[in-house]
Amino acid sequence: MNIAYSRYLQNALEHSTLTDEEKQGAHAFLKFLSTYKPTGLNVREPDFYGYGDAFGQYGVTYFDKQTLEDYGIDPDKLDAPQLDQLMTRWTEEAHDMLGSDGCDIIPDSLDNAIQALGIDRESIEA
């Protein structure tokens, strides 16, 4: 279990109105969860984005060369001014899309930025 979440649950448990016996049982269960590794199931602890989705909140995303590569763009196929323009425009596009429904902000804003700058996507794909 995520250590931060575990600590949150432990703290909440300490401040709960449960009896000592109930708290002892809850502590035992939390201890079990801290080492639990499901087998035979395709179940895993949510990642950073999974927790964000569960709460309707989204964390910081880095827009860098690695992120470009993650979305199929080879940054080495862009010259320095193009790369700077693309990164700036991508950030602006993503910001403008915050709160939009029905889109996947990161890849959609990248596509919008590439299109707005008149870059042929196929020529820069990895």
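Compare the span that the 18 residues of H5 should have at 1.5 Å a residue with the distance between its end C-alpha atoms.

Solution. Helices and strands are taken here as DSSP runs, numbered from the N terminus, with at least four residues of type H or I for a helix and at least two of type E for a strand. The expected span is 1.5 Å times one less than the number of residues, and for H5 this should come to 26 Å. The end C-alpha atoms of H5 are 26 Å apart, which agrees. The model is a predicted one, in which local features need pLDDT of at least 70 and side-chain atom pairs count only at pLDDT 80 or more, whereas totals for chains, interfaces and linings use all residues. Residues are numbered from 1 along each chain as its sequence is written, and side-chain values use heavy atoms, with hydrogens and water left out.

Determine which residues of H5 are buried, and how they are arranged about the helix axis.

Solution. Start from the thresholds: a residue is buried under 20% relative accessible area, exposed over 50%, and partly exposed in between (1.4 Å probe, protein chains only). By this criterion the buried residues of H5 are Leu 83, Leu 86, Met 87, Trp 90, Glu 93, Ala 94 and Met 97. Viewed down the axis of H5, these residues fall within an arc of 135 degrees, so they line one face of the helix; the arc is that of the directions from the helix axis to the C-beta atoms. The face of H5 turned away from that buried side carries the exposed residues Ala 80, Pro 81, Asp 84, His 95 and Asp 96.

Solution. Helix H6 spans residues 105-116, and its 12 residues reach 16 Å from the first C-alpha to the last, close to the 16 Å expected at 1.5 Å a residue. Just after H6, Gly 118 takes a positive phi of about 70 degrees.

Work out how many salt bridges the structure holds, and which residues a network of shared partners joins.

Solution. A salt bridge requires a side-chain nitrogen of Lys or Arg within 4 Å of a carboxyl oxygen of Asp or Glu, and the structure holds three. One of them pairs the side chains of Arg 89 and Glu 93 at 3.0 Å, N to O. Both of these residues lie in helix H5, four residues apart, about one turn of the helix. Arg 89 is partly exposed at 29% relative accessible area, whereas Glu 93, at 13%, counts as buried.

Next, Asp 111 forms a salt bridge with Arg 121, the closest N and O atoms being 2.5 Å apart. This pair links distant parts of the chain, with Asp 111 in helix H6 and Arg 121 in helix H7, 10 residues apart. Asp 111 is partly exposed at 34% relative accessibility, and Arg 121 is partly exposed at 24%.

Finally, Glu 125 also bridges to Arg 121, with the closest N and O atoms 3.2 Å apart, and Glu 125 is partly exposed at 32%. Through shared partners, the salt bridges join Asp 111, Arg 121 and Glu 125 into one network.

**Exercise: Thr 67 and the chain as a whole**

Locate Thr 67, decide whether it is buried or exposed, and list what it touches.

Solution. Thr 67 has its place in helix H4 and is buried, with a relative accessible area of 11%. Not counting residues up to four places away in sequence, Thr 67 touches Tyr 62 and Trp 90.

Identify where in the chain confidence is lowest and where it is highest.

Solution. The chain has seven helices and zero strands. Its average pLDDT (the predictor's confidence in each residue, from 0 to 100) is 84, and 87% of the residues score at least 70. Confidence is lowest in helix H3 (residues 48-55), at a mean of 69, and highest in H7, at 95. Buried residues make up 20% of the 126 residues in the chain.

Terms used: Contact = heavy atoms within 4.5 Å.
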